[in-house]
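Biologist: Please show me the model, and then let us go through the terms used for it.

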Amino acid sequence: IMLHSTLALSLLLIAVSSNLAMAIKKEKRAPQTLSRGWGDDITWVQTYEEGLYQAKKSNKPLMVIHHLEDCQYCQALKKAFAENEEIQEMAQNNFIMLNLMHETTDKNLSPDGQYVPRIIFVDPSLTVRADITGRYSNRLYTYEPQDMPFLIENMKKALRLIQTEL
């Protein structure tokens with residue numbers, strides 16, 4: 001009887017610990033690390049190079065979001081971006097998405113300086129679209145939380161350019 005209960009107990013422990021391990025694994029995975037809070041249902045590429053490759057391959061524009069963790073403007077923009085259903089839906093279906101917390105070596109991604117937040121579109125021919133800008137003349141590629149309708153228009157513009165130009 002002693003042997004039987006020891007066996008049962010160890011089986012129970014194994015079951016509990018493997019469930020726990022799975023729960024821990026799941027817990028770690030839940031907020032998709034690459035999303036960094038910009039949208040967990042979006043498939044994010046890891047690097048600019050991967051983004052360019054995917055854009056070319058899929059014939060979708062690449063959207064690059066430059067941001068920093070300790071930037072309050074970035075945090076505010078991220079919240080508005082993540083909560084906007086139309087943006088999330090377009091980002092999931094029509095764009096290759098990348099968010100970066102460091103500068104790239106590609107100077108084309110900082111046409112008017114290395115500030116955050118900034119959002120730049122690159123078309124599938126791998127051209128940085130300097131013509132898709134936000135509302136502010138001093139920081140052409142920045143958006144504020146209230147600019148989401150404007151960002152939506154720019155996302156649509158990026159998609160239209162593919163149909164008309166490429």
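**Terms and values**

Biologist: Why is Asp-123 called buried?

Modeller: Its relative accessibility is 3%, and buried means under 20% relative accessible area, exposed over 50%, partly exposed in between (1.4 Å probe, protein chains only). Asp-123 therefore counts as buried. This is a predicted model, in which local features need pLDDT of at least 70 and side-chain atom pairs count only at pLDDT 80 or more, while totals for chains, interfaces and linings use all residues. Residues are numbered from 1 along each chain as its sequence is written, and side-chain values use heavy atoms, with hydrogens and water left out.

Biologist: What makes the pair Asp-123 and Arg-129 a polar contact?

Modeller: Their side chains are 2.9 Å apart at the contact. The term covers a pair of N or O atoms within 3.5 Å; within protein, one must be able to donate a hydrogen and the other to accept it, and residues adjacent in sequence count only if both atoms are side-chain atoms.

Biologist: Where is Asp-123 found?

Modeller: In the loop between β3 and α5 (148-165). Helices (H or I, at least four residues) and strands (E, at least two) are DSSP runs, numbered from the N terminus.

Biologist: How do you know that β1 pairs with β2?

Modeller: Two strands pair if DSSP finds at least two bridges between them. Strand β1 (residues 62-66) has 5 bridges to β2, and the two run parallel.

Biologist: Why are Cys-71 and Cys-74 called buried?

Modeller: Cys-71 has a relative accessible area of 10% and Cys-74 one of 0%, so both fall under the 20% limit.
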